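This report goes through one protein model piece by piece. Look over the sequence and the structure before reading on.

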Amino acid sequence: MAAVLLLSACGGGDEKSVEGDKIAGADGGGGTGAAPDPGAAPEVKRPAIKLPTDMKNVFEGGGTGDPVVEAVLRDSEGRINSLDEAIHTRSLERPAFGFYNTGDAARGAAVWVQGFYDDEITWTGTVRYYDRKVTVEGKKKDKATLSYCADESEAFNKELKSGKVSDAVDGSDDSLVAYTTRLVKNDKGVWQTTDVYSKRGTSQCQ
């Protein structure tokens, strides 16, 4: 995008995490022990996430008919939205952040979000997530790898004080980001993201 930061939301990947930092509520979804049922846990209430009308994430794909895959996709969407809620509210203590993020993913995400705070910016526009592929692992189907692409060409940094929006960058491959994430289902049935690896400007997302 002309920006949504020169930082990719990352934990344990291209951007180095700040090890040992305490993230408020980082284990809010429960421990990482496996639940006996491989499907989603509908009895677990997901935290409400509120984003402003000018900050929109579009998730393509899904509808696979596989309850495990759909649960992974749903909680991954929750994770992405939780980061944007933290950016918008300027708080890492929102319930959803610790509910969906843990380990290196939580630490890396906190560093990424802090970059917005330090630069006194937010973002506006639309980010499209597509080509989402889930591989479920483990005998209990309690681990998964999710890869996807993000198109940030219609998302732009916005200064908090002035409201000024950054200009678009024509023909920039930097607006495309490839992600690979690792998720583990905790003992409450929540698919928490543990690791995030990202690469900006990759040809695999064209």
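## A charge over a ring

A charge sits over a ring if NZ of Lys or CZ of Arg is within 6 Å of the ring centre and within 35 degrees of the ring normal. R128 meets this rule: R128 lies over the face of Y130, at 4.1 Å from the ring centre.

## Basis of the values

This is a predicted model, in which local features need pLDDT of at least 70 and side-chain atom pairs count only at pLDDT 80 or more, while totals for chains, interfaces and linings use all residues. Residues are numbered from 1 along each chain as its sequence is written, and side-chain values use heavy atoms, with hydrogens and water left out.

## Helix α1

Helices (H or I, at least four residues) and strands (E, at least two) are DSSP runs, numbered from the N terminus. Helix α1 covers residues 67–89, 23 residues in total. From first C-alpha to last it reaches 32 Å, close to the 33 Å expected at 1.5 Å a residue; the expected span is 1.5 Å times one less than the number of residues. Of the 23 residues in α1, 17 are buried (under 20% relative accessible area; exposed is over 50%, partly exposed in between, with a 1.4 Å probe and protein chains only).

At the N-terminal end, D66 caps α1, with a side-chain oxygen 2.9 Å from the backbone nitrogen of V68. After α1 comes R90, whose phi is positive, near 55°.

## Strands

Two strands pair if DSSP finds at least two bridges between them. Strand β1 (residues 55–59) runs parallel to strand β2 (residues 121–137), with five bridges; here M55 stands opposite G125. The pairing of β2 with strand β3 (residues 143–159) is antiparallel and has 14 bridges, and T122 stands opposite K158. β2 and β3 form a hairpin with five residues between them, and G138 in the turn has a positive phi of about 90°.

## Aromatic pairs

Rings of Phe, Tyr and Trp (its six-membered ring) pair if their centres lie within 6.5 Å; planes under 30 degrees apart count as stacked, over 60 as edge-to-face and the rest as tilted. The count comes to five aromatic pairs. F59 and Y129 are stacked, at 5.1 Å centre to centre and 15° between the planes. Because F59 lies in β1 and Y129 in β2, this pair ties together parts that are 70 residues apart in sequence.

F99 and Y100 form an edge-to-face pair, at 4.9 Å and 75°. F99 is buried at 8% relative accessible area, and Y100 is buried at 4%. Ring pairs also link F59, Y129, Y148 and Y179 into a cluster.

Terms used
Polar contact = N/O pair within 3.5 Å; in protein donor to acceptor, adjacent residues only side chain to side chain.
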